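Here is a short report on a structure with its sequence. Please read the two side by side.

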Amino acid sequence: MRRAAALLVALAPAAAAATEPAQANYMLHCMGCHVSDGSGAAGKVPSVRDSLPRLVASAAGRRFLVQVPGASQSTLTDAELAAVLNWMVRTLSAAPVPAAFRDYSAAEVASYRHAPLVDVSGTRARLLSPARAGG
Amino acid sequence: MSRLDRIVESMARGVARRSSRRHFLGSLGALLCGAAVMPLLPVARGAPAPAAGPAGADPGDPGSCDYWRHCAIDGFLCSCCGGNTHSCPPGTEPSAITWVGTCHNPGDGHDYIVSYNDCCGKASCGRCLCNRNENDKPLYMPFASNDYNWCAGSQSGIAYNCSTARIVGRAR
């Protein structure tokens, strides 16, 4: 809640200073559906706030975040996509980010990005299933 | 029964002793007059809440399709439909799911990130159709296309009324 309030405060005077580039790219490429704080729309767009810290805890989840169509097929460059993902993980996660989390690099994003994800929903459900909750 | 009579009688006499018809009429008059004057008090009624906007100049008419914030809009302008550039008309609900683009403000030379939240839940407004679609991509590029009914993302269903143009950030 405090995070959401801080985000609102951060957005309110947005016009005064230029928006940080990773956040600006989040706004232009992701926010339309995931909304400003990543909470999505119940029943329509899943919230990333809970799933981000859980997904980055595993190598498969880390890869999934780059491979989802909205990320891999966006018009962002590999470096821009890496910066947006790092910003999202550190800013929108509702739970503490795993201490072992390392920032995505452009090269890492490139290596995942060109391997298409065939079953998006199925992969997501498997990665976030309770059996894997321990990470 | 006579006891109830006595109680009522003593109350009525008490009221009669303590009050007068003139006093009652005076109070009633003040009440009616006060109630009539209340809506005239200088309160900012219906004044839009200040939204995040450009720090400097903001040239143009928000009710016009040519207004700079409308560069990527596709729909009826809420400014012509009982709302304004950043709030929905009464009785409609803003869709959380939106089309986001950037527009150049000729007033201060900066590019702003604009969120075109649709207002949903009532039939099409039908006034001030504006279809400028700057940077809109065809539907085969689904993540960069604005040709959706964004009201599908609202709780009130797909009835589309009009579109707002809210500034959410400033691009570099």
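Domain bounds come from an automatic or database domain assignment. Chain B is split into domain 1 (2-37) and domain 2 (68-171). The C-alpha centres of these two domains of chain B lie 58 Å apart.

This is a predicted model: local features need pLDDT of at least 70, side-chain atom pairs count only at pLDDT 80 or more, and totals for chains, interfaces and linings use all residues. Residues are numbered from 1 along each chain as its sequence is written, and chains are lettered from A and ligands numbered from 1 in the order in which they are written.

**Confidence in chain A.** pLDDT is the predictor's confidence in each residue, from 0 to 100. Chain A averages 87, and 84% of its residues score at least 70. Helices (H or I, at least four residues) and strands (E, at least two) are DSSP runs, numbered from the N terminus.

Over residues 4-15 of chain A, pLDDT stays under 50. Where pLDDT is low, the predicted coordinates should not be read in detail.

**The sheet in chain B.** Chain B has two helices and eight strands. Two strands pair if DSSP finds at least two bridges between them. Strands β3, β4 and β8 of chain B form an open sheet in the order β3-β4-β8, with antiparallel pairing. Its edge strands are β3 (99-104) and β8 (166-171) of chain B. Six bridges join β3(B) to β4(B) (residues 111-116). C103(B) has Y112(B) as its bridge partner in β4(B).

Key:
Two residues are in contact if their C-beta atoms, placed from the backbone, lie within 7 Å.
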